[in-house]
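Keep the viewer open as you read.

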Amino acid sequence: MKVMLVDDDATTLTVLTAMLEDEGYEVVARTEALGTSQAIHREQPDVAVVDVRMPGLAGDRLAGLIVKSNPTVTVILHSSLPAAQLERLSRESGAAGFVQKKAGPSESVKALVQIIRRRPPAISAPPSNPK
């Protein structure tokens, strides 16, 4: 399963990438929100983990764009914002859930894996019926 991490903090990306790879996930990391839609089209991740506070394009807005343009991608918000605010942003953006950064990397990865495992199986299009 491929996970795209989008966070402007390089340390966060490095740590989460290593930990998710240890869990068996293929990880693509991005430090910029801008251009992520094109990267998703190119990389075809199953999951996008998006930081909320990002320069150029807020993560909750990016999440909404991903959900609308790539409905098969499970989007998870990741931030140090209060849980109530993250829950609201998650609901408004259509994200599958959220994980608070303040829990620390190990707890963040555990929570991310729980949300990823809850995602519905991919639905493939039925084969076309040539006439």
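Strand β1 (2-6) sends K2, M4 and V6 to one side and V3 and L5 to the other, and all of them are buried, meaning under 20% relative accessible area with a 1.4 Å probe, protein chains only. In a regular strand the side chains alternate between the two faces of the sheet. Because five of the five residues of β1 are buried, the strand is largely enclosed by the rest of the structure. This is a predicted model, in which local features need pLDDT of at least 70 and side-chain atom pairs count only at pLDDT 80 or more, while totals for chains, interfaces and linings use all residues. Residues are numbered from 1 along each chain as its sequence is written, and side-chain values use heavy atoms, leaving out hydrogens and water. Helices (H or I, at least four residues) and strands (E, at least two) are DSSP runs, numbered from the N terminus.

Now look at the neighbours of β1. It runs parallel to β2 (residues 26-30), joined by five bridges; strands pair if DSSP finds at least two bridges between them. V3 has V27 as its bridge partner in β2.

Finally, turn to helix α3 (residues 59-69), where G59, L62, A63, G64 and I66 are buried. Their cover includes β1, α2 (36-43), β3 (47-51), β4 (74-79) and α4 (83-93), judged by contact, that is, heavy atoms within 4.5 Å.

Terms used. Buried < 20%, exposed > 50% of the residue type's maximum accessible area, 1.4 Å probe, protein only.
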